[in-house]
Amino acid sequence: DEADRMLDMGFEPQIRRIVEQLDMPPPGSRQTLMFSATFPGEIQQLASSFMRDYVFLAVGRVGSTTDLIKQHLVLCQGADKIQALVTALGNVEGR
């Protein structure tokens, strides 16, 4: 989350080192996701350099609030995160 802020604050070298040098699967065999409520064009371009088949998805107007999104907080232990995510996705209406 807040990928734009991390890149804007100058963390590009650290992010690039993680995705390019540290035991990461090569592009095409991994999934890279970046999330932010705001994503200026120049930061989108920088973020796309970390990804193959870059896709930008906006809900509502970028940089503004919307009532189309419902947020839920799910507290769980680290080992339970995947099952909590699968359960949450299974409960999404309108699939």
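On helix α3, the exposed residues Glu 42 and Gln 45 lie on the face turned away from the buried side of the helix. The structure described here is a predicted model. The buried residues of α3, which spans residues 41-48, are Ile 43, Gln 44 and Ala 47. These three residues fall on the same side of α3, because the arc they cover around the axis is only 105°. In general, residues three or four places apart in an α-helix point the same way, because such a helix has 3.6 residues a turn.

The order of elements, read from the N terminus, is α-α-α-α. Of the 95 residues in the protein, 13% are buried. The accessible surface amounts to about 8,100 Å², and carbon and sulfur atoms contribute 55% of this area. Among contacts with a separation of 6 or more, 57% are between residues 24 or more positions apart.

The second largest pocket was also examined. Its volume is about 230 Å³. The lining of this pocket is formed by His 72, Val 74, Cys 76, Ala 84, Leu 85, Ala 88, Leu 89 and Val 92. By residue class, the lining comprises 7 nonpolar residues and 1 polar residue, with no charged residue present.

How values were computed:
Residues are numbered from 1 along each chain as its sequence is written. This is a predicted model: local features need pLDDT of at least 70, side-chain atom pairs count only at pLDDT 80 or more; totals for chains, interfaces and linings use all residues. Side-chain values use heavy atoms; hydrogens and water are left out. Buried means under 20% relative accessible area, exposed over 50%, partly exposed in between (1.4 Å probe, protein chains only). Helices (H or I, at least four residues) and strands (E, at least two) are DSSP runs, numbered from the N terminus. The arc is that of the directions from the helix axis to the C-beta atoms. On a 1 Å grid over the protein atoms alone, a cavity is a set of points where a 1.4 Å probe fits but cannot get out, and a pocket is an open set with protein on both sides within 12 Å along at least five of seven lines; lining residues have an atom within 4 Å of a point. Grid points are joined across faces, edges and corners, and a volume is the space filled by probe spheres set on the points. Ala, Val, Leu, Ile, Met, Phe, Trp, Tyr, Cys and Pro count as nonpolar, Asp, Glu, Lys and Arg as charged, and the others, Gly among them, as polar. Contact means heavy atoms within 4.5 Å. Accessible areas come from the Shrake-Rupley method with a 1.4 Å probe; for residues, only the protein chains shown count as cover.
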